[in-house]
Amino acid sequence: MLAFLGAIICIIASVHPAGTAAPAAAAADNDSAAAALLPAADKGLGALHGPAEALASAGPRLPGGPPLFSRFVCTPLSTECPAAGTGTGTGTGTGSGAGPEELLALRSAAAQLRRTALEQKERIRMDQETIRELTGKLSRCEGGLRSPPAAAPPAAAGLRAAPRPGTMGHPPDEPPAVRELEEAVRTLQDRIDRIEQELPARTNGSAPTAPALARDALHTKMEQLEEQLLSKILTLQKERQAASSDRSQQQHNIEKELNSLQNRVTELEHGPLGYSPPDAFKVTIPVQNNYMYARVKKSLPELYAFTICMWLKSKGLAGIGTPFSYSVPSQANEIVLLEWGTNPLELLINDKVAQLPLSLKDKAWHHVCVAWTTRDGKWSAYQDGEQRGAGENLASWHSIRPQGVIILGQEQDTLGGRFDATQAFVGELAQFGVWDHMLAPAEILGLANCTSHLQGNVIQWDEQAVEVFGGASKAGFAACEEGRKA
């Protein structure tokens with residue numbers, strides 16, 4: 001900036017060499033006026049060009065006058081301003097007319113230089129602020145932050161802008177400090193651009209993106225919620241099963257108490273039951289439904305042959321229904337005697353079927369026996385002591401499975417339950433017995449005509465071994481007397 005100020009003063013103050021004393025005096029006056037217009041801090045032009053004595057020794061000197069200089073060398077000025085009438089000489093009259101114009105030009109130049117200096121100072125301050133801001137952003141970028149880099153302010157981008165107004169169309173020479181600032185700004189901008197280019201690749205290669213992290217967190221949370229929901233569902237199912245079991249047990253207990261009360265009422269209404277043997281009773285199921293039945297407390301062992309006999313009196317309108325059924329956990333139709341709809345009476349063993357040529361629809365008492373052996377699946381059917389049918393290949397080589405449930409009056413679709421009202425027995429049952437072999441025809445005839453009191457060696461007809469439910473009842477029964485009445 002000082003070099004630029006000196007150059008301006010040299011251009012304005014320089015004059016052509018003259019051969020007379022008048023021009024030299026005018027030049028001296030001009031130098032004095034320029035020195036008076038400079039700021040006090042500059043201490044005259046000697047500070048720029050050295051002492052006047054050194055300059056005077058470098059150039060020619062007129063006899064008795066000031067030293068002569070070329071037009072590109074600054075002339076020292078006196079410290080006093082010329083007077084208004086000074087400069088009148090024997091020469092031309094241009095000296096007195098040019099003095100005030102030169103003073104005005106110098107004054108204008110000095111004011112312009114002062115404004116230029118202030119503008120340069122302000123620019124340097126703005127450049128310093130820009131450098132500090134860029135340095136801070138660069139530090140954050142190098143530290144791994146992913147914040148987008150801010151664009152350089154216009155002041156940093158335009159350090160080499162067009163000449164400012166008032167500089168007479170010539171950009172001033174910038175000092176080394178300004179050039180260093182520009183170079184630093186450009187270096188910072190290059191580093192920021194390089195970091196911006198490397199940041200996406202570094203982010204993709206080193207750590208998962210924010211959406212990916214959010215997706216993983218959401219997936220983990222959903223898995224946890226699913227596990228909690230599944231646990232709640234399992235807990236509710238267990239509670240429901242426990243509640244259902246409790247209700248079934250309560251219903252069973254209530255039915256048992258009701259049946260006991262009903263039996264007691266029956267005893268009081270009809271007087272003492274006229275039988276002493278434990279097998280002298282019958283089970284009555286008065287209505288076709290899916291909740292009246294009797295259950296034998298004892299189960300069957302594993303059997304390879306059997307004979308089942310019973311007295312029954314059917315009151316059904318279409319078939320006799322199901323006098324008895326035996327179900328095991330893996331097979332609901334392990335042993336079933338069934339007649340329903342238009343189908344004939346059938347014997348089912350392990351879900352295999354044999355049709356029995358028996359007729360039991362006359363609403364009278366009949367003695368019925370069925371016998372079976374696993375060898376070749378042979379079977380035979382008896383009604384009132386007479387064999388009415390026989391056959392083979394009924395569940396050949398199958399063994400009757402143990403630990404099942406015997407139900408009188410209902411057909412089981414599951415172990416001990418899911419009864420169908422259309423397959424229910426309506427009427428009376430008595431003397432239900434089971435043997436682990438095929439009885440001889442003579443033994444069956446003796447049971448039917450009451451000449452034999454043979455009891456089953458697997459299941460015996462005993463009042464304490466049979467429970468009734470849903471409204472079914474027990475009453476006294478004398479087989480032969482009832483048979484003769486029928």
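**Strands and hairpins**

User: Which residue has a positive phi in the turn of the hairpin formed by S5 and S6?
Analyst: S5 and S6 form a hairpin with 6 residues between them. This is a predicted model: local features need pLDDT of at least 70, side-chain atom pairs count only at pLDDT 80 or more, and totals for chains, interfaces and linings use all residues. Residues are numbered from 1 along each chain as its sequence is written, and side-chain values use heavy atoms, leaving out hydrogens and water. In the turn, the residue with a positive phi, about 65°, is Gly341.

User: Over how many bridges do S5 and S6 pair?
Analyst: Helices (H or I, at least four residues) and strands (E, at least two) are DSSP runs, numbered from the N terminus. Two strands pair if DSSP finds at least two bridges between them. Strand S5 covers residues 331-339, and its Leu338 stands opposite Glu346 in S6. The pairing is antiparallel, and the count of bridges is 4.

User: Which residue takes a positive phi in the hairpin of S6 and S7?
Analyst: S6 also pairs with strand S7 (residues 352-355), antiparallel and over 4 bridges. Here Glu346 stands opposite Gln355. The hairpin has 2 residues between the strands. With a phi near 55°, the residue is Asn350.

User: Are the two faces of S6 covered or open?
Analyst: In a regular strand, side chains alternate between the two faces of the sheet. Buried means under 20% relative accessible area, exposed over 50%, and partly exposed in between (1.4 Å probe, protein chains only). On one side of S6 (residues 346-349), Glu346 and Leu348 are buried, and on the other, Leu347 and Ile349 are buried. Both faces are covered.

**The disulfide**

User: Which cysteines form a disulfide?
Analyst: A disulfide is a covalent bond between the sulfur atoms of two cysteines. The test is a pair of cysteine sulfur atoms within 2.5 Å, and it gives a count of 1. With sulfur atoms 2.0 Å apart, the pair is Cys309 and Cys369.

User: Which residues are linked in a network of salt bridges?
Analyst: A salt bridge needs a side-chain nitrogen of Lys or Arg within 4 Å of a carboxyl oxygen of Asp or Glu. Glu122 bridges to Arg125 at 2.2 Å, and Arg125 bridges to Glu129 at 2.6 Å. The network links Glu122, Arg125 and Glu129.

User: In which helix are Glu122 and Arg125 separated by about one helical turn?
Analyst: Glu122 and Arg125 are 3 residues apart, so about one helical turn separates them. Arg125 and Glu129 are 4 residues apart, also about one turn. Glu122, at 36% relative accessibility, is partly exposed, and so is Arg125 at 37%. The helix, covering residues 94-142, is H5.

User: Where does Lys361 lie?
Analyst: The side chains of Glu339 and Lys361 meet in a salt bridge at 3.3 Å, N to O. The pair links distant parts of the chain, 22 residues apart, with Glu339 in strand S5 and Lys361 in the loop between S7 and S8.

**Helix H9 and the whole chain**

User: Which elements do the buried residues of H9 pack against?
Analyst: H9 covers residues 441-448, and its buried residues are Ile444, Gly446, Leu447 and Ala448. Just after H9, Cys450 takes a positive phi of about 65°. The buried residues of H9 pack against S3, S8, strand S9 (379-383) and strand S12 (427-435).

User: What percentage of the 486 residues in the chain do buried residues make up?
Analyst: The chain has 10 helices and 14 strands. Contact means heavy atoms within 4.5 Å. Residues 24 or more positions apart account for 71% of the contacts with a separation of 6 or more. As for buried residues, they make up 37%.
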